[in-house]
Amino acid sequence: MAEQTFDLIVLGGGPGGYVAAIRAAQLGMKTAVVEREHLGGICLNWGCIPTKALLRSSEINHLLHTLDAYGFSADNIRFDIGKIVKRSRAVANQLSGGVKHLLRKNKVTVFDGQGKLAGKGKLSVTKDGKPVADLAAKHIILATGARARVLPGIEPDGKLIWTYREAMVPDAMPKRLIVIGSGAIGAEFASFYLNLGAEVTLIEVLDRILPVEDAEIGSFVQKAFVKQGMKILTGAKIQGLRKGADEVTAVVEANGKVQEVTADRVISAVGIVGNVEDIGLEGTGVKVDRTHVLVDELCRTGEPGVYAIGDLTGPPWLAHKASHEGVLCVEAIAGMHVHPMDTRNIPGCTYCRPQVASVGLTEAAAKVAGHEVKVGRFPFIGNGKAIAMGEPEGIIKTVFDAKTGELLGAHMAGPEVTEMIQGYTIAKTMETTETELMETVFPHPTISEAMHEAVLDAYGRVIHI
C-alpha cells in the first residue's frame, strides 16, 4: 500500500479536529482527517447539539403546561418520546452531513478508520482490523476527544444504568430517574427528564450542585430545581446499586444517614476520560496525566511534530475551546503570530432550566487569587423584558478587581443567559474595566439590561432594584 503524504494530518473529526483541518486547508496546507466513527465528533452527534434539541422539546412541554399564565388554554397535552428522540437525531445527522460537506468544499481528504501513530511523521489507518492507509506528514494533530468516566459499582449496562448515549435515545419515558453527578451533563439530563414529567433524584458527591460554577449561582439553580420538584442529595456517596428486573435501587449515604432511592433508570454523569489508548503514544515523547495529554500554550506535545487539542488535553472540556485550539494550533504551525489561549476567557454554558452561563473567576476563586473584589448582582425580577416574558427568575453576578476595575468574572442563571454571556466574554478578552461597561448603552427592553445593572450594582450605582 503506497504511503500518502500530507502537510498536516488531524486524528479525530470532532469540533476541534474538523475546524483545525478546515483552517489548515484555508492556509494552503494539504490536509487529511482520520475519523473512526462520526464527523463532528461526540459534540455534534452525541453531545452539544442533539441534547439541545432534546432540551428544546422539554422546554416546550413546560411551556404548554403553563399556558394559562399567557392567556391560553389547551386540553389533552401529551408528547411522543419517540418523536422527540427522532427529531434530535435528525438535527445531529443534518449537521454531521454539513461537516462532511465543509471538509469536501475545502478539499480535505477524509479517511474512515482508526488512526495510530506509526513512527516519526507517520500514521497508520485501519478499519475493523484491516489496513486502510499509511499516511505521512510533518505535522500531526491529535484530536481524539474523550468518553464518559466509569466508576466501579455503577458501570453502565445500556439498560438500567445509562451513559449520556442511552439517555439521549430512550425507548420509553422513565417515570423515576436517578442522575449521578451534577455537572453540566448531569444537570441538563436531570432538567430534561424533570420537564417531561419524570420524578428525578440528582445525586452529587460534593456539597453543592454545579460545583465548577460560582457557589451563589449553584445555590440559585438548586433552589429552582427543588421548586420544580427535583429531589437533590449533596455530599452524597453511592454505596452500591441493586438491580431488579426493570428498576434500580441506589444505596446512598448523605449527611451521615444511609437511604435507598429506587428508580426505573440511572444516568451516570461523573466526568470524562481522554481517549489516549490505541493511538500509538507508546515510545513517543507525548506525556499523559490522568488520561489527558499534556501540551504547551501552542498545543505542542513532548513529541516534535505532534500536537493535541480539545477534550484530549486539559480543562475546560468544551467544544468551543477545542475549536479555538484547533485554529490556534494550525496558525502557529503555519508560522503566524498567535496569542496563547487564556482559559479564564472561555465561557461555559449549561442548558438546564434555568440556564447557567459564566466566564472568568468565581467570587471565591478571585479572593483566593489575592484580589480585593467588588461584587454586583441584579435579579431578573427587576428587568422589564424578563417580566413581560413570564421569566422573572434569574440573576446576574459580576466580580471586579476593586483596585483596577478589571472584570474578573461574570456568572448568570436564567432564561437565555447562554446567549448573553458572550457580552461579558468580549469584555474580558478586551480587558475592559467597569468604566467602559457602565458607559455602554444597552438596548431596552432586553434581558441584557440586567448585565448593565449588575455592573452598576458593584459600584453602588444600580438603578432598577
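Reply: Start with a term. A nonpolar core is a set of buried Ala, Val, Leu, Ile, Met, Phe, Trp, Tyr and Cys residues joined through side-chain atoms within 4.5 Å. Bear in mind that this is a predicted model.

Me: Which residues of the largest nonpolar core touch the most other members?
Reply: Tyr193, Val200 and Phe225 do, in a core of 34 residues.

Me: Which elements give two or more residues to this core?
Reply: They are helix H3 (48-64), helix H4 (81-105), helix H5 (164-168), strand S9 (176-180), helix H6 (184-195), strand S10 (199-203) and helix H7 (215-228). H6 gives the most, with six residues.

Me: What is Phe225 in contact with, leaving aside its neighbours within four places in sequence?
Reply: Phe225 is in contact with Ala187, Ser191, Leu194, Leu202, Ile209, Met230, Ile232, Cys352, Arg353 and Pro354. Another core, of 27 residues, lies apart from the largest one. Among its residues are Val19, Ile309, Leu328 and Ile333.

Me: What makes helix H1 (residues 17-26) count as mostly covered?
Reply: Nine of its ten residues are buried. Buried means under 20% relative accessible area. The buried ones are Gly17, Tyr18, Val19, Ala20, Ala21, Ile22, Arg23, Ala24 and Ala25.

Me: What do the buried residues of H1 pack against?
Reply: They pack against S1, strand S2 (31-35), H4, strand S6 (130-142) and helix H8 (319-333). Just after H1, Gly28 takes a positive phi of about 90°.

Me: Why is the pairing of Glu3 with Lys122 called a salt bridge?
Reply: The cut-off is 4 Å, from a side-chain nitrogen of Lys or Arg to a carboxyl oxygen of Asp or Glu. In this pair the closest N and O atoms are 2.8 Å apart. The value is within the cut-off, so the name applies. The structure holds 23 salt bridges.

Me: Why is Glu3 with Lys122 said to tie together parts of the chain?
Reply: Glu3 lies in strand S1 (residues 3-11) and Lys122 in strand S5 (residues 122-127), so the joined parts are 119 residues apart in sequence.

Me: How do you know that Glu3 counts as partly exposed?
Reply: Partly exposed runs between the buried limit of 20% and the exposed limit of 50%. Glu3 has 41% relative accessibility, so it counts as partly exposed. Lys122, at 33%, also counts as partly exposed.

Me: What makes Arg147 and Glu277 a salt bridge?
Reply: Their side chains meet at 2.9 Å, N to O. That is within 4 Å, so the pair qualifies. Arg147 lies in strand S7 (residues 146-148). Glu277 lies in the loop between strand S16 (272-274) and strand S17 (288-289). The pair therefore ties together parts that are 130 residues apart in sequence. Arg147 is partly exposed at 34%, and Glu277 is partly exposed at 39%.

Me: Are Glu393 and Lys227 buried, partly exposed or exposed?
Reply: Glu393 is partly exposed, with a relative accessible area of 41%. Lys227 has 64%. Exposed means over 50%, so Lys227 is exposed. Their side chains meet in a salt bridge of 2.6 Å, N to O. Glu393 is in the loop between helix H10 (384-389) and strand S23 (395-401), and Lys227 is in helix H7, so the pair ties together parts 166 residues apart in sequence.

Me: What makes Asp214, Glu216, Glu363, Lys367, Arg377 and Lys397 one network?
Reply: Salt bridges that share partners join them.

Me: How do you know that Ile463 is exposed?
Reply: Its relative accessible area is 58%. The limit is 50%, and Ile463 is over it, so it is exposed. Ile463 lies in the segment after helix H13 (449-458). Not counting residues up to four places away in sequence, Ile463 touches Glu453 and Leu456.

Me: What volume does the largest cavity have, and which residues line it?
Reply: Its volume is about 40 Å³. Thr51, Leu54, Leu55, Glu188, Phe189 and Phe192 line it. H3 and H6 are the elements that give two or more residues to the lining. The lining divides into four nonpolar residues, one polar and one charged.

Key. Residues numbered from 1 in each chain as written. Predicted model: local features only at pLDDT ≥ 70, side-chain atom pairs only at ≥ 80, totals over all residues. Heavy atoms only, no water. Buried < 20%, exposed > 50% of the residue type's maximum accessible area, 1.4 Å probe, protein only. Helix = DSSP H or I, 4+ residues; strand = E, 2+ residues; numbered from the N terminus. Contact = heavy atoms within 4.5 Å. 1 Å grid on protein atoms, 1.4 Å probe; cavity = no way out; pocket = protein on both sides within 12 Å on 5 of 7 lines; lining within 4 Å. Points joined across faces, edges and corners; volume = space filled by probe spheres on them. Nonpolar A, V, L, I, M, F, W, Y, C, P; charged D, E, K, R; others polar.
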